[in-house]
Amino acid sequence: MDTIQPLFTASATASGGRNGHTEASDGSVSADLSVPKAMGGPGRPHTTTPEHFFAAGYAACFGGALDFVARDHKKNARQASVTCQVSIGPREGGGFGLAVKIQVQDKSFPQAELAALAREAHERICPYSHATRGNVHVELEVSGV
């Protein structure tokens, strides 16, 4: 396992589990949580799930990693759209697990070039990709021109 020298640390506290509330220590994020009906929960309106937070964080982080890699290659990928889908379900070995699908779209790049940049961002830069590697199935889908 690699060690890091922290540049920034985010902190959040949740109470009530998946049907509770979570809030960042600096107040930047505050959300009520509810287990979706698809998982047997109440699916209360105007609530979110840990998977939504994970998807949003991964998408933003991957977009930053893609832009970083593109700049290394003297390209501009700031207009790329990154969508993450995070699924949760029972694992074969028991308990629950996650699966992620990352969709990268930028019609200003040829398909092969965008795919190479996305692969490099996934393999070399994105900390979410580093954290999930070997633990979570991550599918990368790229759409250029």
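I took helices (H or I, at least four residues) and strands (E, at least two) as DSSP runs, numbered from the N terminus.

**Setting up.** My model is a predicted one, so I kept to its limits: local features need pLDDT of at least 70, side-chain atom pairs count only at pLDDT 80 or more, and totals for chains, interfaces and linings use all residues. I number residues from 1 along each chain as its sequence is written, and side-chain values use heavy atoms, with hydrogens and water left out.

**Entry on backbone angles.** Most residues other than glycine have a negative phi.

His-46 counts as exposed because its relative accessibility is 81%. Lys-74 counts as exposed because its value is 74%.

**Entry on Ser-34.** I went back to the loop between β3 and α1, where Ser-34 is placed. Ser-34 is buried, because its relative accessible area is 3%. What does its side chain reach? I found the backbone nitrogen of Gly-43 at 3.3 Å from the side chain of Ser-34. I then listed contacts (heavy atoms within 4.5 Å). Leaving aside neighbours within four places in sequence, Ser-34 touches Arg-18, Asn-19, Pro-42, Gly-43, Arg-44, Thr-47, Thr-48 and Thr-49.

Which residues make the nonpolar surface patch? I noted Met-39, Ile-88, Phe-96 and Leu-98, with an area of about 340 Å². Patch members have over 30% relative accessible area and no salt bridge; like charges are joined within 9 Å, and nonpolar side chains (Val, Leu, Ile, Met, Phe, Trp, Tyr) within 5 Å. A salt bridge here is a side-chain nitrogen of Lys or Arg within 4 Å of a carboxyl oxygen of Asp or Glu. Accessible areas come from the Shrake-Rupley method with a 1.4 Å probe, and for residues only the protein chains shown count as cover. I looked at Phe-96 by itself: this residue lies in strand β5 (residues 96-105) and is exposed, because its relative accessible area is 59%.

**Entry on a distance.** Arg-71 lies in helix α1 and is partly exposed, because its relative accessible area is 44%. How far apart are Arg-71 and Arg-91 in space? I got 39 Å, C-alpha to C-alpha, for a pair 20 residues apart in sequence.

Notes
Buried means under 20% relative accessible area, exposed over 50%, partly exposed in between (1.4 Å probe, protein chains only). A polar contact is a pair of N or O atoms within 3.5 Å; within protein, one must be able to donate a hydrogen and the other to accept it, and residues adjacent in sequence count only if both atoms are side-chain atoms.
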